Amino acid sequence: MGTITVDGKEIEVDEEGYLVNLSDWFPAVAEEMAKIDEVELGEDHWDIINFLREYYEEYQIAPAVRVLTKAVAKKLGKEKGNSKYLYELFPYGPGKQACKFAGLPKPTGCV
Amino acid sequence: MSDDVKKFMFVNTKAPYGTVYALESLEVVLISAAFDQDVSLAFCDDGVFQITKNQNTEGSGMKNFSPAYKALGDYDINKLYVEKESLEERGLTLDNLMDLTYEDEDDDWAEKPSIKLVTRAELADLMDQQDVVISS
């Protein structure tokens with residue numbers, strides 16, 4: 001267990017960097033986590049992060065990467081809903097890394 | 001490939017809250033979906049309450065995880081057997097259950113119901129056809 005500091009606030013994260021309390025999330029948390037992972041967040045990243053937050057809101061789970069890919073294809077189009085595109089955005093895995101930035105738990109069904 | 005596919009049935013018999021069985025079972029189901037197996041779920045006894053509509057857990061302080069059952073279709077899990085007698089014994093009908101659906105890839109993504117009502121005898125037959133039955 002550790003903490004990250006965002007806008008002067010100490011925020012608890014687990015040993016893999018995921019938020020301990022999902023309600024601690026605000027956009028600057030994602031920016032800070034991305035900085036730690038050396039990723040610069042652009043509009044395309046935010047599309048996926050926002051998509052994941054909406055998915056979690058609706059289903060209360062973080063989707064497995066296969067499910068994420070399919071759902072993104074449906075909502076944002078085939079050119080974004082493929083694993084090559086998503087891995088380019090989130091090199092440590094669109095499921096794991098994007099969920100982390102979005103403040104969600106590690107995806108269920110991610111092996 | 002086809003030689004490696006086994007028929008798994010997860011049988012849910014307990015109320016959703018109060019114990020952790022229902023949530024843990026659902027997580028195992030979602031993980032099992034990653035292995036391309038033939039997965040089905042059965043709901044009987046108090047397990048039928050797991051998929052009832054309009055669950056509200058505010059008073060209990062537990063997370064309402066029932067929306068996650070709606071994601072099962074996305075995970076290609078679309079055989080949810082509900083035992084008719086268990087519903088009737090609890091004064092419930094299909095109308096009390098969530099509208100759980102999946103999109104059929106082989107039928108132009110038509111939305112179809114995942115829930116199938118079966119009698120106790122039919123459920124016994126289905127269990128008999130499985131390679132693995134896991135109950136909780």
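D108(B) sits in the loop between β4 (101-104) and β5 (110-113) of chain B, where helices (H or I, at least four residues) and strands (E, at least two) are DSSP runs numbered from the N terminus. This is a predicted model, in which local features need pLDDT of at least 70, side-chain atom pairs count only at pLDDT 80 or more, and totals for chains, interfaces and linings use all residues. Residues are numbered from 1 along each chain as its sequence is written, while chains are lettered from A and ligands numbered from 1 in the order in which they are written.

The phi angle of D108(B), a residue other than glycine, is positive, near 55 degrees. D108(B) is exposed because 7 other C-beta atoms lie within 10 Å; a residue is exposed at 12 or fewer such atoms, buried at 20 or more and partly exposed in between, with C-beta atoms placed from the backbone. W109(B) also lies in the loop between β4 and β5 of chain B. Its phi is near 60 degrees, again positive in a residue other than glycine, and W109(B) is exposed, with 11 other C-beta atoms within 10 Å.

The C-alpha trace of chain B spans about 45 × 30 × 25 Å along its principal axes. Of the 136 residues of chain B, 31% count as buried. Among contacts in chain B with a separation of 6 or more, 76% join residues 24 or more positions apart; a contact requires C-beta atoms, placed from the backbone, within 7 Å.

Key. Contact = placed C-beta atoms within 7 Å.
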